[in-house]
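Work through the exercises below with the sequence and the model open beside you.

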Amino acid sequence: MSILQKGIIFCFITILLLGCDKVDKGHERYKTNSYFMLGTIVEITLSEKDLNDYFDNLKSEMKNLGERMVGDINRLNSMKKGDRGKFDKYFLDLISSGGYFSKISGGRFDITIYTLMKLYGFPEGPYRVPENNEVKNVVGEISFENIEIDNDSILKKSDFKIDMGAYGKGWIVDQMVNKMKEYGIKKGIINAGGDLFCLGDKNGKSWRIGIQDPIEKSRTISVIHLKNKAVATSGDYERFFDVGGKRYTHIFDAKKLESIDNYRSVSVIADSVEKADGLSTVYYLMLVDEIKDMCNRENTPVLLYLLDGTILKLCGWENFEKV
Amino acid sequence: MKRFSFFDLFFVSILLAGLYYLIYHQLVSANKSLVLTVEEKRYFLNLKSKKLIDLSREYGKNMVVEIDSGRARIKESDCKDKICISFGFISKCGESAICVPNRVSIHIECDENEYDAVSR
């Protein structure tokens, strides 16, 4: 081989390697790490460097937030009728959010419905249908009106039990996103069992999110592109049991005092995971026409997967399907 | 020795471009692995093998994962609803099968996945 040939080959390799380097610099590589916590799988997607530097911190932050919330919920649940207890501001705010969701749903959504759900064995099982007299004994306790909040305390006006499964997890993800910002992280995704927030973008493009078909799980019913937005999904497919041909889901209507099976799934896009998470349950309890009005008022795109397999996109959902 | 011709240049550049494409592609998309998440830890398994993995001994879970050259599934589980089994075989980048009650999941991990995250 002549010197000229060697020289040209050397030049080629150099150019290729430089080109390669350019590709790597322009395209930050993102990695996902996962673990089980708060009764679900949590997936954190960050650049390789941020994941190395901050994954452990974010995980322990989540553990602390979860323990704190569960501790406060248990304390409120163990208080007796007529008791007043002091709580931190974050918890009073969380309870107030429950009040908001209750109000906009005309009382169908209610965090005190856990008083009844508990008799069915939710959230963990073993499940059973309670006797009529067991139900009669507790229905008088259920209503958000029985929670009186002032500056730093809660008065329990009945013997209710609450559950924050509908939006508590969303609130925790929002806090973790705030923590990411504090650390100076600009881009990433925190996904807690399908309730997720997309921070920033990915190499100049929005993050690409699949909405999973709850029945045929390898299929997606929609693909959306998000940037600084949250999406959450509620459905009948994870916590439920069937007795005598009836499906008992973990979503209860506090007015009808029974388990509701209105949709295969409801997904909501919002500015915070708490809102997306809470509204996905609120909408699950409502009829299609009611959702059409409310998603406009709340400014939240919705994807409804009806029991007959039809997919409805409301309030601008399809705009997020465009790249 | 012959002089270096335009044809040589063309040939070498095609060869190098092809090699570069192959190597880059191998690194980016063929880097597929099976991640087993148990509680708070992740384990990498060889997706290309063909075997049954009993999770009871090493991981303390009464479950069986089947790997079948390029695809995998949760074959058995002592959980009540068996949702994890209903996922069936997973093989595409980013797919998972999850058992929430046992706190176990399997996941196909690639450098580039079809979706950055999945809402379910």
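**Exercise 1: Pairing across the chains**

Task: describe how β8(A) and strand β8 (residues 117–119) of chain B pair, and in which sense.

Solution. β8(A) pairs with β8(B) in the parallel sense over 3 bridges, where strands are DSSP runs of E of at least two residues, helices are runs of H or I of at least four residues, and both are numbered from the N terminus; two strands pair if DSSP finds at least two bridges between them. Within this pairing, I209(A) has A117(B) as its bridge partner in β8(B).

The model is a predicted one, in which local features need pLDDT of at least 70 and side-chain atom pairs count only at pLDDT 80 or more, while totals for chains, interfaces and linings use all residues. Residues are numbered from 1 along each chain as its sequence is written, and chains are lettered from A and ligands numbered from 1 in the order in which they are written.

Next, take the interface as a whole: 37 residues of chain A are in contact with 27 residues of chain B, a contact being two C-beta atoms, placed from the backbone, that lie within 7 Å. The elements of chain A that give two or more residues to this side include α1 (3–26), β1 (30–37), β2 (40–47) and β8 (207–212). By class, that side of chain A has 16 nonpolar, 15 polar and 6 charged residues (Ala, Val, Leu, Ile, Met, Phe, Trp, Tyr, Cys and Pro are nonpolar, Asp, Glu, Lys and Arg charged, and the others, Gly among them, polar).

**Exercise 2: Two helices**

Task: state at what angle the axes of helix α2 (residues 48–78) and helix α6 (residues 168–182) of chain A cross.

Solution. The axes come within 10 Å and cross at roughly 140 degrees, with axes fitted to C-alpha atoms, for helices over the stretch in contact, and angles running from 0 to 180 degrees between N-to-C directions. α2(A) and α6(A) are therefore oblique to each other, since angles under 35 degrees count as roughly parallel, over 145 as roughly antiparallel, 65 to 115 as roughly perpendicular and the rest as oblique. Among the residues that meet are L58(A) and M69(A) of α2(A), and I172(A) and M180(A) of α6(A). The contact divides into 7 nonpolar, 3 polar and 2 charged residues.

**Exercise 3: The sheet**

Task: give the strand order of the open sheet in chain A.

Solution. The 8 strands follow the order β1-β2-β6-β7-β10-β15-β16-β17, with antiparallel pairing. The edge strands, each pairing on one side only, are β1 and β17 (311–314) of chain A.
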